[in-house]
Amino acid sequence: MLIRKARLTDAKALAKLVYSLSHFYLQKETDQLPDWFIKPMTEKAFNARLMSDNYTNLLCEVDSKIVAYVSMRAGTHLHHLFVSEEHKGKGIARHLWNTIMTQCPSNEYSLRSSIYAVPMFEKFGFEISGDIAEKESIQFQPMSITIEETESE
């Protein structure tokens, strides 16, 4: 397993990975993904994020294949954290989360989780910070975490 900074040459594979998992945001699996939700998942949108100084983007490769992706916006908002279905449950999401926190140190982080991923983020220490939001069959849960600084002895 290799964690590395995402590059422009990864944009197409990242777009494919995230799009393949986007159905987890749907209220019902049979619903259609709305255009406003798909637009940020295009290769062009990934290129823009990968070139932006406002985002920190890391990915995980297994056997030279991209299997997970994490993106932090403005150093404190977890924009994306996706792990391919065949690699879920292997600790990759936690490893990516811990790695990006070291690259974007802060005492507070926020995110908008799919309802499906709420239990995972709760295991990471996130707490629900607002009501479930819904727009055109897309649901997400606002969450946040405060990292307590440990005092050195």
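Modeller: S137 is found in the loop between β7 and β8, where helices (H or I, at least four residues) and strands (E, at least two) are DSSP runs numbered from the N terminus. The model is a predicted one, in which local features need pLDDT of at least 70, side-chain atom pairs count only at pLDDT 80 or more, and totals for chains, interfaces and linings use all residues. Residues are numbered from 1 along each chain as its sequence is written, and side-chain values use heavy atoms, with hydrogens and water left out.

The backbone of this loop deserves attention. S137 has a positive phi of about 75° although it is not a glycine. E136 is also in the loop between β7 (133-135) and β8 (138-146), and its phi is positive as well, at about 45°, although E136 is not a glycine either. Most residues other than glycine have a negative phi.

Contact means heavy atoms within 4.5 Å, and residues 24 or more positions apart account for 61% of the contacts with a separation of 6 or more.

In helix α1 (residues 11-21), A11, L14, A15, L17, V18 and L21 are buried. Seen down the axis, these residues fall within an arc of 165°, so they line one face of α1; the arc is that of the directions from the helix axis to the C-beta atoms. K12 and K16, on the other side of α1, are exposed. The cover over the buried residues of α1 includes α3 (43-51), β2 (55-62), β3 (65-73) and β4 (77-83).

In α3, the buried residues are A45, F46, R49 and L50. Their arc around the axis is only 135°, which puts them on the same side of α3. On the other side of α3, K44 and M51 are exposed. Cover for the buried residues of α3 includes α1, β2, β3 and β4.

Strand β4 contains V83, which counts as buried at 10% relative accessibility. Not counting residues up to four places away in sequence, V83 touches L21, V67, A68, K88, I92 and A93. V83 and C60 are 23 residues apart in sequence and 8.7 Å apart in space, C-alpha to C-alpha.

S84 lies in the loop between β4 and α4 (92-103) and is buried, with a relative accessible area of 5%. Leaving aside neighbours within four places in sequence, S84 is in contact with L17, L21 and V67.

Terms used: Buried < 20%, exposed > 50% of the residue type's maximum accessible area, 1.4 Å probe, protein only.
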